[in-house]
Amino acid sequence: MDWKEILKGLEEGTLRAANKVDGKWVANTEVKQGILEAFKNGNNINQDEFSWPGFVDKHNIPARKFTTEDGVRMVPGGSSVRTGAHVAKGVIIMPPAYINIGAFVDEGTMVDSHALVGSCAQIGKNVHLSAGVQIGGVLEPIGLAPVIIEDGAFIGAGAVIVEGIQVLKEAVIAPGVILSKGVPVYDCVHGRILDKGEPIPERAVVVPGTRPVSDKLPWAKEMGLNMNCAMIIKYRDEKSDASLELESFLR
């Protein structure tokens, strides 16, 4: 399959940069390689011919344009969705926001102002990406699965999720939480530290926290300094579900 077919399939949603196989998300290396080939085969041109005056980018990866038939609500004000990104019916994109090549955004999801959906990131149904959320992109190495946000997850304002971290169904990530493979996640409910890169469990409620510095930094420890971490403080119940229902009225 050549890169043109791959970009078309990605945009239509018939191909994805990652797929869930036997309960585990796995990168689609053919798709990711196709995206890299598209970049190699592109030439920088003035984007005036695509009605984007003043912009210069690869001729074969212009910004997408939507019509009412697409069923996408893209509010005016500086947002952009790149060719090769799938945006399903019922998605709302508030300005300014950016959805990069290879990304998949499923039905009913809200992409709020100043939110980034990075290359190849996979966003499920009815997800809320609040203002300023940064979902990192993962193109290389091609075997690395991208960031995954599963159905019904709520990502609070200013949260940063990078390095292929997976957030499973209906989890709640509080504002300001940073999730990467270098940031430990403490499950305070079950009394354990998640393994490096382990998915955030379904319906977990994650808040920002701090932890003491390592014994390898005695001066910092003496000064009482702490380092960043994330903490699971509960799992969603009826009360926390009700607190998130207001979001449906914005649609």
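Which residue caps the N-terminal end of α1? That's D2, with a side-chain oxygen 3.2 Å from the backbone nitrogen of K4. Such a polar contact is a pair of N or O atoms within 3.5 Å; within protein, one must be able to donate a hydrogen and the other to accept it, and residues adjacent in sequence count only if both atoms are side-chain atoms.

Some ground rules come next. This is a predicted model, where local features need pLDDT of at least 70 and side-chain atom pairs count only at pLDDT 80 or more, while totals for chains, interfaces and linings use all residues. Residues are numbered from 1 along each chain as its sequence is written, and side-chain values use heavy atoms, with hydrogens and water left out.

An α-helix has 3.6 residues a turn, so residues three or four places apart point the same way. After α1 comes G13, with a positive phi near 85°.

Two terms need their cut-offs here. Buried means under 20% relative accessible area, exposed means over 50%, and partly exposed is in between (1.4 Å probe, protein chains only). Helices (H or I, at least four residues) and strands (E, at least two) are DSSP runs, numbered from the N terminus.

**Two buried loop residues**

N28 sits in the loop between β2 (24-27) and α2, and it's buried at 19% relative accessible area. A polar atom of the N28 side chain lies 3.3 Å from the backbone oxygen of R16. Setting aside neighbours within four places in sequence, N28 is in contact (heavy atoms within 4.5 Å) with R16, A17, A18 and N19.

G118 belongs to the loop between β12 (116-117) and β13 (122-123). Its relative accessibility is 4%, so G118 counts as buried. Leaving out neighbours within four places in sequence, G118 is in contact with N100, A103, I135, G136 and G137.

**Salt bridges**

How many salt bridges does a search of the whole structure find? The count is 10, where a salt bridge is a side-chain nitrogen of Lys or Arg within 4 Å of a carboxyl oxygen of Asp or Glu. Among them are these:

| Pair | N to O distance |
|---|---|
| K20 and E150 | 2.7 Å |
| D106 and K125 | 3.2 Å |
| E37 and K40 | 3.8 Å |

Take K20 and E150, which form a salt bridge. K20 lies in strand β1 (residues 18-21) and E150 in the loop between β16 (148-149) and β17 (154-155), so the pair ties together parts that are 130 residues apart in sequence. K20 is partly exposed at 41% relative accessible area, whereas E150 is buried at 5%.

D106 and K125 also meet through their side chains in a salt bridge. This pair links distant parts of the chain, 19 residues apart: D106 is in the loop between β10 (104-105) and β11 (110-111), and K125 in the loop between β13 and β14 (128-129). D106 is buried, with 11% relative accessible area, while K125 is partly exposed at 33%.

E37 and K40 both lie in helix α2, 3 residues apart, or about one turn of the helix. E37 counts as partly exposed at 29% relative accessibility, and K40 is exposed at 65% relative accessible area.

Most residues other than glycine have a negative phi, and most peptide bonds are trans. D22 isn't a glycine, yet has a positive phi of about 50°. D22 is in the loop between β1 and β2 and is exposed, with 82% relative accessible area. N126 has a positive phi near 55°; N126 lies in the loop between β13 and β14 and is partly exposed at 48%.

As for cis peptide bonds, one runs from P95 to P96, with omega near -15°, and P96 is in the loop between β8 (92-93) and β9 (98-99). Another joins E140 and P141, with omega about -5°, and P141 lies in the loop between β15 (134-135) and β16.
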